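Dear colleague,

My notes on what was found in it follow.

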Amino acid sequence: MQLRTVCAVYFSATDTTKKIVKQIAGGLAGALQLSYQEVDFTLPQARTTPLEFAEGQLIVFGTPVYAGRVPNVLLKYLVQTAGNGALAIPVVVYGNRDYDDALIELRDLLEKSNLHTVAAAAFIGEHSFSKTLAAGRPDGADFAVADRFVRDVAEKVRAISGIPEPVYVKGTPYPYRGYYQPRDRKGTPVDIRKVKPLTNERCDGCKLCAAVCPMGSIDPGDVRQYTGICIKCGACIKKCPQQAKYYADEGYLYHQHELEEGLTRRAEPELFL
Ligand SMILES: Cc1cc2nc3c(=O)[nH]c(=O)nc-3n(C[C@H](O)[C@H](O)[C@H](O)COP(=O)(O)O)c2cc1C
């Protein structure tokens, strides 16, 4: 198969997915001596037209894991993707709990869009809800795994002729399991869907939070106000130079604490070829 380009394609609110996807795609472009492109569809203005690819491209396609699945707010956009027979590598990045059925869901989405999946991976990134859970990941050890993955994928891609079978990945096949549900001490589901960050007195009105919100939901005229949904992606919290955004919701804070206390083991990347 004649390849021309490797393309890093990602949604990444707090940049962990972006880092891994770029490491893999950049490495593959080097190993296969192909040109390199990047499509970042994190912000709403980048999602006004559907993604479109072409034969001869190798797409490294990354999303974070939200509630054990591909972020559901992206589904309406992702199903419009026109793959046009390009090759693809689904990559999910999760916050040290589990990726559940996110990778199999992303693989299926890409295959349905007429992309042919040749390899896949699940990596770990600092949790969107925390500065301590999987702190600093992906780290050097993760990038070393990504580099090894690049070598193996490059070898596989060089040998491909014709249309490959969809790559095997871990997960429960469609209709998948339900979305992961956080629970309180008594086992009662905690519903954090309506929770939004608050803004403290350190806010100096720089409006960066409004600029980085993937839902475009923070009013740039008054960043204390929300004009749309909050997906708890962590962008406004982690990217605020004044640390002016915070959560006060009891259910959210309980879930955050539970994750930080309960998930001390280091989850490791998983590769599928
Ligand atoms: C709403 C939401 C749900 C999440 N659900 C999970 C999950 O089920 N399992 C997990 O390990 N991490 C989960 N995470 C953490 C992210 O997958 C993780 O931090 C990822 O690295 C974020 O990627 P990004 O930096 O590209 O935005 C969740 C994050 C958010 C915002």
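A nonpolar core is taken here as a set of buried Ala, Val, Leu, Ile, Met, Phe, Trp, Tyr and Cys residues joined through side-chain atoms within 4.5 Å. Buried means under 20% relative accessible area, exposed means over 50%, and partly exposed lies in between (1.4 Å probe, protein chains only). The model is predicted: local features need pLDDT of at least 70, side-chain atom pairs count only at pLDDT 80 or more, and totals for chains, interfaces and linings use all residues. Residues are numbered from 1 along each chain as its sequence is written, and side-chain values use heavy atoms, with hydrogens and water left out.

**Cores**

The largest nonpolar core contains 58 residues, and F41, I59, F61 and L78 have the most contacts inside it. Helix α3 (residues 102-112) supplies the largest share of this core, 6 residues. Helices (H or I, at least four residues) and strands (E, at least two) are DSSP runs, numbered from the N terminus. There is also a second, separate core of 30 residues, which includes A8, Y10, V150 and A154.

Contact means heavy atoms within 4.5 Å. With neighbours within four places in sequence left aside, the contacts of F41 include V9, Y10, F11, F61, Y77 and L78. A46, R47, L51, T63 and L74 are also in contact with F41.

A8 belongs to strand β1 (residues 5-10). Its relative accessible area is 0%, so A8 is buried. Outside the four neighbouring places in sequence, A8 is in contact with V21, A25, Y36, Q37, E38, V39 and V60. Between A8 and L109 there are 17 Å in space, C-alpha to C-alpha, and 101 residues in sequence.

**The chain as a whole**

The protein chain has 7 helices and 9 strands. Its radius of gyration is 19 Å, which agrees with the value near 19 Å that a compact globule of 273 residues would have. That radius is taken over C-alpha atoms, and the globule rule is 2.2 Å times the number of residues to the power 0.38. Along the principal axes, the C-alpha atoms fill a box of roughly 60 × 40 × 35 Å. Of the 273 residues, 52% count as buried. Among contacts between residues at least 6 apart in sequence, 79% join residues at least 24 apart.

The accessible surface of the chain comes to about 12,800 Å², and 50% of it belongs to carbon and sulfur atoms. Accessible areas come from the Shrake-Rupley method with a 1.4 Å probe; for residues, only the protein chains shown count as cover.

**Backbone features**

Two cis peptide bonds may interest you. The bond from R137 to P138 is cis, with omega near 5 degrees, and P138 sits in the loop between β6 (120-124) and α4 (140-159). Y174 and P175 are likewise joined by a cis peptide bond, with omega about 15 degrees; P175 is in the loop between α4 and β7 (198-199).

Positive phi values in residues other than glycine were also noted. For A67, phi is near 55 degrees; this residue is in the loop between β3 (57-64) and α2 (75-78). A67 is partly exposed, because its relative accessible area is 34%. For K232, phi is near 60 degrees, and its place is in the loop between α5 (208-212) and α6 (235-239). K232 counts as buried, because its relative accessibility is 6%.

With kind regards
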